[in-house]
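Subject: Handover of the model

Hello,

Here is the structure I promised to pass on. Please open it alongside these notes.

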Amino acid sequence: MNKVISNKYQESYIEETLPNGLKVVLWQKKGYEKSYFMMTTPLGALDIEQVDADGKAFQFEPGTAHFLEHKMFEDEDKDVMNLFSEMGANVNAFTSYTETAYHFTTSEDPEAPLNLLLDFVQRLTISEESVEKEKGIIIQELQMYQQMSDSWLINETFSSLFHEHPLRFDVGGSPESVNRITKSSLEECYALNYHPSTMILVGVTGRELEPLLEIIKNNQMKKQFKPIKNVTRKQFSEPQTVKRPYYQFNMDVTTPKVNIAYKLQGIKDGMQRLKMEWCLKFILDASFTSLSEDYQQWLIDGTINDFYGFELEFGEDFGYMMFYTETEKLDEFKRIVELTLEKAKANGISETTLNQLKRRYYGQSIRDLNSFDDIAFTFMRDYFNKIDFFEALDVINTITMADIQAAAELMDLEHQAILHLMPIE
């Protein structure tokens, strides 16, 4: 067991990698009754093609990780969610593009739900009949999202940006890909990606940590796991160009919606990726929020409204920025985005604005240390990105004007995709 202490943040946690390879991190928040535990595998929607150490390839249908998340709660004898409720715990799960996580929170003794979390995540029991039944449930879920204009606008944006990269698929896949998923493919994907050596368990609690660690160790000592060869996500050869420079579609909306997206290159190193994301966020905040002297006029003119926003993200092998709003002034919004980005790329931001944003987001990061789920989620993401938690907190304060300039140069404005969502006539 290793204890990590940050005198600067007055926080600490213990960590240990168990003999079966499971990484365990326990973080104490003294004075709280609450406990929050999250168990995560780095299997996400991007993992439709994987390769092991011998070069053997494994291919899965889009939506497989999400399908597995659904099936993990299945048990032949009992309802897992009801069991958590009977223990005074609230359980949930999510699948993202990069991971699948199972988590519970409780203000009661966490021992019973902690054992249950470990047990149900480390056991897959499915039948052909249940898999076929689940297909209908997931397809209904996908069809529901297809009726939501905001989420469908984003999905179509990814389909416009990417030729080959799996980001072009919805996290849940498509009705066609879901129908192609089989019991055997789910079991193979589970065996490759749900081994203890690939996973992390993070707990944030007001309880004493050593007894909880012993509970986890005792649980794991009773189980046998077959050795596996670690798999990695296949690297895709993605063209720099966008697949669809312009795409228009219609849905039952009253006002047109527009999304203007830019395809960027990925960043391999985790810490550099984090720093550049912060730098670009600062540039976009300075240029596209109330910090900009033009922002209020955009509202007054009706070029943007409450739906307006922007997103940016980098992965190892992808990157994007997108700017969206609900407006009748589609051409004017496009002009504003393009001119503002060109200005931001050329001029960056002032040092005064940089320091203001650093203080704002650093303060927010410190406040997040009071959030159990934020600690667990951030620690998990940092771990899989090979970043130290406390160093990641510090990165905001290390950003310089030179970093801002370097980030501005990453803004490739040539590879643009424009999406128009128009009302049905």
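Below are notes on the strands, the helices across them and a pocket.

This is a predicted model, where local features need pLDDT of at least 70, side-chain atom pairs count only at pLDDT 80 or more, and totals for chains, interfaces and linings use all residues. Residues are numbered from 1 along each chain as its sequence is written, and side-chain values use heavy atoms, with hydrogens and water left out.

**N-terminal strands**

Helices (H or I, at least four residues) and strands (E, at least two) are DSSP runs, numbered from the N terminus. Two strands pair if DSSP finds at least two bridges between them. Strand β1 (residues 2-6) runs antiparallel to β2, with five bridges. V4 has Y13 as its bridge partner in β2. Four residues separate β1 and β2 in their hairpin, where Q10 has a positive phi near 55 degrees.

β2 also runs antiparallel to strand β3 (residues 23-28), again through five bridges. I14 is paired with L26 in β3. This hairpin has five residues between its strands, and G21 in the turn shows a positive phi of about 100 degrees.

Buried means under 20% relative accessible area, exposed over 50%, partly exposed in between (1.4 Å probe, protein chains only). In β2 (residues 11-17), five of seven residues are buried. S6, in β1, counts as buried because its relative accessibility is 8%. Contact means heavy atoms within 4.5 Å. Neighbours within four places in sequence aside, S6 contacts E11 and F390.

**Five-stranded sheet**

The open sheet has the order β11-β15-β12-β14-β13, with mixed pairing. β11 (246-251) and β13 (309-314) each have a single partner strand, so one side of each lacks a neighbour in the sheet. Eight bridges join β12 (residues 257-264) to β14 (residues 319-326), which run antiparallel. L264 sits opposite G319 in β14.

**Pocket**

A pocket here is an open set of points on a 1 Å grid over the protein atoms alone, where a 1.4 Å probe fits, with protein on both sides within 12 Å along at least five of seven lines; lining residues have an atom within 4 Å of a point. A volume is the space filled by probe spheres set on the points, joined across faces, edges and corners. The second largest pocket holds about 410 Å³. It has 23 lining residues, and S287, S292, D294, T340 and K343 are the closest to its centre. α11 gives the largest share of the lining, eight residues.

Regards
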